[in-house]
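Here is a briefing on one protein chain, grouped by topic. Please read it alongside the sequence and the 3D view.

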Amino acid sequence: RAEPAVRLQHGASGLEPLAWSEDHRVSVSTARSIAVLEQLSDVHSGGQDMVIHRTAVPAPGAACMLKVGPKKEVAECKEKFASSVDPTVSQTFMLDRVFNPEGKSLTPMRGFKYSSWSPLGCDANGRCLLAALTMDNRLTIHANLNRLQWVQLVDLTELYGERLFEASYKLCKADTPCGELGDFPEFQRRHSMQTPVRMEWSGICTTQQVKHNNECRDVGSVLLAVLFENGNIAVWQFQLPFLGKESITSCNTIESGISSPSVLSWWEYEHNNRKMSGLIVGSAYGPVKIIPVNLKAVKGYFTLRQPVVLWQEMDQLPVHSIKCIPLYHPYQKCSCSLVVAARGPYVFWCLLLISKAGLNVHNSHVTGLHSLPIVSMTADKQNGTVYTCSSDGKVRQLIPIFTDVALKFEHQLIKLSEVFGSVRTHGIAVSPCGAYLAVITTEGMANGLHPVNKNYQVQFVTLKTFEEAAAQLLESSVQNLFRQVDLTDLVRWKILKDKHIPQFLQEALDKKIETCGSTYFWRFKLFLLRILYQSMQKAPSEVTWRPSHEDAKILISDSPGMGSTEDDQEEGTSKQASKQSLGDTGKGGDIDDTAEDSLHQSSDTGGREPMVEKLLEIQAQIEAVEMHLTREHMKRVLGEVYLHTWITENTSIPTRGVCDFLMSDDGYDDRTARVLIGHILKKMNKQTFPEHCSLCKEILPFTDRKQAVCSNGHIWLRCFLTYQSCQSLVYRRCLLHDSIARHPTPEDPEWIKRLLQGPCTFCDSPVF
């Protein structure tokens, strides 16, 4: 069990109420909002509990009315159907909440039915978008652009209704003319063709865009498939980054032919560098099949010629959830797709692989898992492990094992009652790297009695040991700490608990640094050292958020932590609150101040000297690793300058200052850097292009990687991505408040804008 348990303000709602995004945010669909819990592997916190940042997407205040015709005509038809003498018409109309979302005498349709996360890299910050479907059938897309607030980017239900209205509610021109809105069957048809059931995002694909000079450029795009009540599927194509209505490229509608559809999932398969895609659709009556999707203008994608039936029996076992997992077949030596679907208490599986004979399909059911229907299913896409749960608090772990012909599953029972006590479960989700399982729980039965009140909580269970997480981080193909936050959080917990870095991890990491030239392992080392430093800190004796009554105003230039005081002004915090953040930043002189403070508070005079030496040693190692990462990024920036500037072009990047800073240390001997600097200085031809202070026009010397100070004492923070001085009141910070970056400006060339899109050079976090 991992603490803390997060209590929900409202009860969970909808099917599959829990979803975990690739950027480590958990969405929980509730009766009033979508609660979003973001997991952070915070290097500035000394607590062993998980660090969770909580935000929410509120439900719209007004009910969603589907557009089925002109407002006046719709109002007249509703009045006609409500007062009809035919009870099959009047009662069907009055009790159908699609026709009457506002409820009137019925309970209001509040809350969310389903939520779905896009792949990483879709919003303006390079993170995930959230598609949300409300109980009253409003489908919207939201983005979290400033970390504290969710913004609705587009209402797809409204846009799709307008498209259908303009097309007279016909999918193509060849369709027969539709009937009158006054006919109840036509009224029902127009509602069912735009009532969303589920929606799912595809992976990011590449499209070609023709520019004005007739050149082609590759543009990233993502698809959102929306399954409707009548079996139709609308496939929206969005250009990345998705900014709103203007980023919509196209919308195509596919007829699936499935009656009473219940669930949807993308099938994406790669074979011999050829990508194929389709949509897996499940029915409430039992059948499952793959629908071809023709992706126009999508580079390198192919589609099926005809639908593929995975399960055709109408056995009245509704398909509740579908997951598609890409795997590698060790016997056939090729990639394959594992499709798993929850059908009642059973798990239906289907193995798809392409051979010379064509598409091979193997399918079967796994029985004997649960005594109650499966309420939620999730999958770890890295190793293919599937987790299912029923409402009685039992979770099954299914591990696929390949055989010569197909595969089999080994499954084991996870009793949540042994972890949380007696609970009922409402949904599960596994973290992107498989380190944690999130579970929505309420109180279970006690002494044979149901609880009087239900308290909904999101609780976390660890699925990996520290050793497994460390090994996965060392052998990672992703080489990005931010994308593996769940794994780094397990490592963080272990170091804070034991107050040392395990010897095997230290030795393996040093060996990786010696043999590989990747800066990923240097960033991993910096992460470990910062956590180790935090584990040595003494817990503050007073509450850090309580304001101080001391009147101790000092000039910024006289402050010992001058380099980071500007950072804290940007947050607008008090001096007492910022003292803690200064101590936690783990940068330069800030560490020294914190070390001294924590040591002065220590009452154990005998153990003070060894602790001083230990902290100073860790501080020196942190500074050395930070300086190495800074130099490596400086080399990258200088490489971009050399490739994209002419001989006498005045670049806004302080090129001469960066060159001098790199060569100022006599102990730094990098032949690559010396050769690159030699070429750049030859190009610049004795020109310096210095930066000037915007307040007094004095030259800003490049003497510090974090800040620039002119001769009149004006202090400007430096952008860690381009090393320009941020001479404005507005700038960006990385997720863990590690570094400062400036905003791109319209006059910036493309290569500088590309540099400014990069993550933090110390922790891989995105920048806001």
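Two strands pair if DSSP finds at least two bridges between them. In strand β9, the bridge partner of I141 is V154. The model is predicted. Its pLDDT averages 86 over the chain, and 88% of the residues score at least 70.

**Confidence**

- Residues 556-603 have a pLDDT below 50.
- That stretch still has 86 contacts in the model, beyond near neighbours in sequence.

**The sheet β6 to β9**

- Four strands form an open sheet in the order β6-β7-β8-β9, with antiparallel pairing.
- The edge strands are β6 (112-117) and β9 (151-155), each pairing on one side only.
- Neighbouring strands in this sheet are turned by 25° against each other on average, with direction ignored.
- Strand β8 (residues 139-143) and β9 run antiparallel and are joined by four bridges.
- Helix α3 (residues 156-166) lies across β8 and β9. The helix runs at about 15° to β9.

- Strand β3 (residues 25-29) has five of its five residues buried, so the rest of the structure largely encloses it.
- Both faces of β3 are covered. On one side sit R25, S27 and S29; on the other sit V26 and V28.
- Strand β2 (residues 18-20) pairs with β3 in the antiparallel sense, over three bridges. L18 has V28 in β3 as its bridge partner.
- The β2-β3 hairpin leaves four residues between the strands. In its turn, H24 has a positive phi of about 65°.
- Strand β4 (residues 33-40) also pairs with β3 in the antiparallel sense, here over five bridges. S29 stands opposite I34 in β4.
- The hairpin from β3 to β4 runs through three residues.

**S33 in β4**

- S33 belongs to strand β4.
- Is S33 buried or exposed? Its relative accessibility is 13%, under the 20% cut-off, so S33 counts as buried.
- Which residues does S33 contact, leaving aside neighbours within four places in sequence? They are V28, A56, V57, P58, A59 and F112.
- One of these contacts, V28, is also the bridge partner of L18.

- Strand β24 (residues 374-379) is mostly covered, with five of its six residues buried.
- β24 pairs with strand β25 (residues 386-390) in the antiparallel sense, over five bridges.
- S376 stands opposite C389 in β25.
- The two strands form a hairpin with six residues between them. G384 in the turn has a positive phi of about 80°.

**G434 in a loop**

- G434 lies in the loop between β28 (423-430) and β29 (436-443).
- With 3% relative accessibility, G434 counts as buried, because the cut-off is 20%.
- How far apart are the C-alpha atoms of G434 and K464? They are separated by 7.4 Å, although the two residues lie 30 residues apart along the chain.
- G434 touches D380, L463, K464 and D486, not counting residues up to four places away in sequence.

**Helices α1 and α2**

- Two packed helices are described by the angle between their axes and the distance between the axes.
- Helix α1 (residues 71-82) packs with helix α2 (residues 87-95) at an angle of about 120°. The axes are 7 Å apart.
- That angle makes α1 oblique to α2.
- On the α1 side, K78, F81 and A82 take part. They meet V89, S90, F93 and M94 in α2.
- By class, this contact has five nonpolar residues, one polar and one charged.

**Helix α14**

- How many of the nine residues of helix α14 (residues 655-663) are buried? Seven are, which leaves the helix mostly covered.
- The buried residues of α14 are T655, R656, G657, V658, C659, F661 and L662.

Terms used: Residues are numbered from 1 along each chain as its sequence is written. This is a predicted model: local features need pLDDT of at least 70, side-chain atom pairs count only at pLDDT 80 or more; totals for chains, interfaces and linings use all residues. Side-chain values use heavy atoms; hydrogens and water are left out. Buried means under 20% relative accessible area, exposed over 50%, partly exposed in between (1.4 Å probe, protein chains only). Axes are lines fitted to C-alpha atoms, for helices over the stretch in contact, and angles run from 0 to 180 degrees between N-to-C directions. Angles under 35 degrees count as roughly parallel, over 145 as roughly antiparallel, 65 to 115 as roughly perpendicular and the rest as oblique. Contact means heavy atoms within 4.5 Å. Ala, Val, Leu, Ile, Met, Phe, Trp, Tyr, Cys and Pro count as nonpolar, Asp, Glu, Lys and Arg as charged, and the others, Gly among them, as polar. pLDDT is the predictor's confidence in each residue, from 0 to 100.
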